[in-house]
Amino acid sequence: MRHPRIVIASISLAAAAAIGGGITATAATTSHPSSRPAASQQAAATVRTVQATVGGKTETILVNGQGLPLYYYLSDTAAKSVVTGGLAALWPPLTSASPAATGLTGKLTAVMDVHGDQVAYNGHLLYTFADDQAIQVTGQGVQGFLVATPGLTAITGSQTATGTAPAAPAVPSGNPYGY
């Protein structure tokens, strides 16, 4: 008896463009279940720092145990991820019930949310980017995600960090739609 071959299609940059964010791509990608990013499949996650090029500059960034850069999402709160569906396929959450840190001065915790025990650094929920490879930062600034660094300011209350994200554009007075 012949068994059907199952192939899981991972979200491509083309699909991400359909979700939003102004990303362009030329082709879709497919992968086998075993090649999904390990960040979302770990039982115990280790977060450490490495030197990597971000925006043309050498920066110290946070990476997971496989060396994949870690990111945080500007629209998340300290207790809730808003990354779901196709966006979560492109930005897999880092999950672990007992995360460990190597060389970090900030606070690493596990937050129970829609993804299970999602790892947070200074209150920022952490993600990898499906198109990254070890110590290769390609998702900086894409769709509201920013690379996590050791100096990432802790979230207080339900607001996102201050000083780490670009300011919102000014809205002309009297018109909340910007025109």
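Which residues lie nearest the centre of the second largest pocket? Val54, Glu59, Gln140, Val147 and Thr149 do, out of 12 residues that line this pocket. Here a pocket is an open set of points, on a 1 Å grid over the protein atoms alone, with protein on both sides within 12 Å along at least five of seven lines, and a lining residue has an atom within 4 Å of a point. The structure is a predicted model, in which local features need pLDDT of at least 70 and side-chain atom pairs count only at pLDDT 80 or more, while totals for chains, interfaces and linings use all residues. Residues are numbered from 1 along each chain as its sequence is written, and side-chain values use heavy atoms, with hydrogens and water left out.

The second largest pocket has a volume of about 190 Å³, taken as the space filled by probe spheres set on the grid points.

Next come the strands themselves. Strands (E, at least two residues) and helices (H or I, at least four) are DSSP runs, numbered from the N terminus. Two strands pair if DSSP finds at least two bridges between them. Strands of a sheet pair through backbone hydrogen bonds, either parallel or antiparallel. Strand β1 (residues 46–54) has partners of both kinds: β4 (residues 100–102) runs parallel to β1 and is joined to it by three bridges, whereas β2 (residues 57–63) runs antiparallel to β1, with seven bridges. On the β4 side, Val47 sits opposite Ala101. On the β2 side, Gln51 has Thr60 as its bridge partner, and Val50 has Ile61. The hairpin of β1 and β2 has two residues between the strands, and Gly55 takes a positive phi near 60° there.

Another set of strands, β5, β6 and β7, makes an open sheet in the order β5-β6-β7, paired antiparallel. Its edge strands, β5 (108–113) and β7 (124–125), each pair on one side only. Six bridges hold the antiparallel pairing of β5 with β6 (residues 116–121), and Thr109 faces Ala120 of β6.

Rings of Phe, Tyr and Trp (its six-membered ring) pair if their centres lie within 6.5 Å; planes under 30 degrees apart count as stacked, over 60 as edge-to-face and the rest as tilted. This rule gives six aromatic pairs. Trp91 and Phe129 are a stacked pair, because their ring centres are 4.2 Å apart and their planes meet at 25°. This pair links distant parts of the chain, 38 residues apart: Trp91 is in the loop between α2 (85–90) and β4, and Phe129 is in the loop between β7 and β8 (145–147). Buried means under 20% relative accessible area, with exposed over 50% and partly exposed in between (1.4 Å probe, protein chains only). Trp91 has 0% relative accessibility, so it counts as buried, and Phe129 is buried at 4%.

Tyr127 and Phe145 make an edge-to-face pair, 5.5 Å centre to centre with 85° between the planes. Tyr127 lies in the loop between β7 and β8 and Phe145 in strand β8, 18 residues apart. Tyr127 is buried at 0% relative accessible area, and Phe145 is buried at 0%. Ring pairs gather Tyr71, Tyr73, Trp91, Tyr127, Phe129 and Phe145 into a cluster.

Finally, there is Ser96, in the loop between α2 and β4. With 2% relative accessibility, Ser96 counts as buried. A polar atom of its side chain lies 3.0 Å from the backbone nitrogen of Ala45, and the Ser96 side chain also reaches the backbone nitrogen of Ser98 at 3.2 Å. Ser96 and Asp117 are 21 residues apart in sequence, yet their C-alpha atoms are 5.4 Å apart in space.

Conventions:
A polar contact is a pair of N or O atoms within 3.5 Å; within protein, one must be able to donate a hydrogen and the other to accept it, and residues adjacent in sequence count only if both atoms are side-chain atoms. On a 1 Å grid over the protein atoms alone, a cavity is a set of points where a 1.4 Å probe fits but cannot get out, and a pocket is an open set with protein on both sides within 12 Å along at least five of seven lines; lining residues have an atom within 4 Å of a point.
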